Amino acid sequence: MESLIKVNSGQIAVMGGLLQDVLSDQEDSVPGANRLLGLGHMFEHKNQSNTKTELVVFIRPIVVRDASVNGDYRGYRTYLPDEGFMNAPNPGKRPYLGDPTGTVPR
């Protein structure tokens with residue numbers, strides 16, 4: 001399958017059309033009792049179901065012209081570590097047993 005869509009940067013394109021249709025026909029009955037003339041339908045159960053599923057894909061392409069922190073990614077500068085990042089304590093590190101401060105023994 002191949003599709004071609006022309007979209008401007010930042011616009012949302014919607015692709016759909018992959019459909020699945022499942023038909024289910026089940027029949028349960030008491031063996032022999034369902035063959036009784038006139039009463040057989042009381043000993044059987046029929047279940048018919050139809051399930052439809054459609055896959056829809058949403059795509060939002062963005063053209064990156066300047067792939068740098070000072071260019072198109074400048075909005076992400078706030079997420080970058082600062083100068084003291086490597087000196088800060090690890091918040092996920094467990095303290096050593098018997099040491100409530102969590103400092104490394106020397």
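Colleague: In which loop does phenylalanine 43 lie?

Modeller: A word on the source comes before the answer: this is a predicted model, in which local features need pLDDT of at least 70 and side-chain atom pairs count only at pLDDT 80 or more, while totals for chains, interfaces and linings use all residues. Residues are numbered from 1 along each chain as its sequence is written, and side-chain values use heavy atoms, with hydrogens and water left out. Strands here are DSSP runs of E with at least two residues, and helices are runs of H or I with at least four, both numbered from the N terminus. On that basis phenylalanine 43 belongs to the loop between strand S1 (13-29) and strand S2 (44-59).

Colleague: How many helices and strands does the protein have, and what share of its residues is buried?

Modeller: The protein has 0 helices and 2 strands. Buried means under 20% relative accessible area, exposed over 50% and partly exposed in between, with a 1.4 Å probe and protein chains only. Of the 106 residues in the protein, the buried ones make up 5%.

Colleague: Where is leucine 23 placed, and which residues is it in contact with beyond its neighbours within four places in sequence?

Modeller: Leucine 23 has its place in strand S1, and it counts as exposed because its relative accessibility is 67%. Its C-alpha atom is separated by 8.8 Å from that of lysine 52, 29 residues apart along the chain. Contact means heavy atoms within 4.5 Å, and, leaving aside neighbours within four places in sequence, leucine 23 is in contact with Ser49 and Asn50.

Colleague: Which residues does asparagine 50 touch, not counting residues up to four places away in sequence?

Modeller: Asparagine 50 is found in strand S2 and is partly exposed, with a relative accessible area of 46%. Between asparagine 50 and aspartate 25 the C-alpha to C-alpha distance is 8.8 Å, although they are 25 residues apart in sequence. Not counting residues up to four places away in sequence, asparagine 50 touches Asp21, Val22 and Leu23.

Colleague: Which residues form the aromatic cluster?

Modeller: The structure holds 2 aromatic pairs, rings of Phe, Tyr and Trp (its six-membered ring) being paired if their centres lie within 6.5 Å, with planes under 30 degrees apart stacked, over 60 edge-to-face and the rest tilted. Tyrosine 73 and tyrosine 76 form a tilted pair, 6.3 Å centre to centre with 55° between the planes. Tyrosine 76 and tyrosine 79 also form a tilted pair, 6.3 Å centre to centre with 40° between the planes. The one aromatic cluster is therefore, by the pairing rule, formed by Tyr73, Tyr76 and Tyr79.
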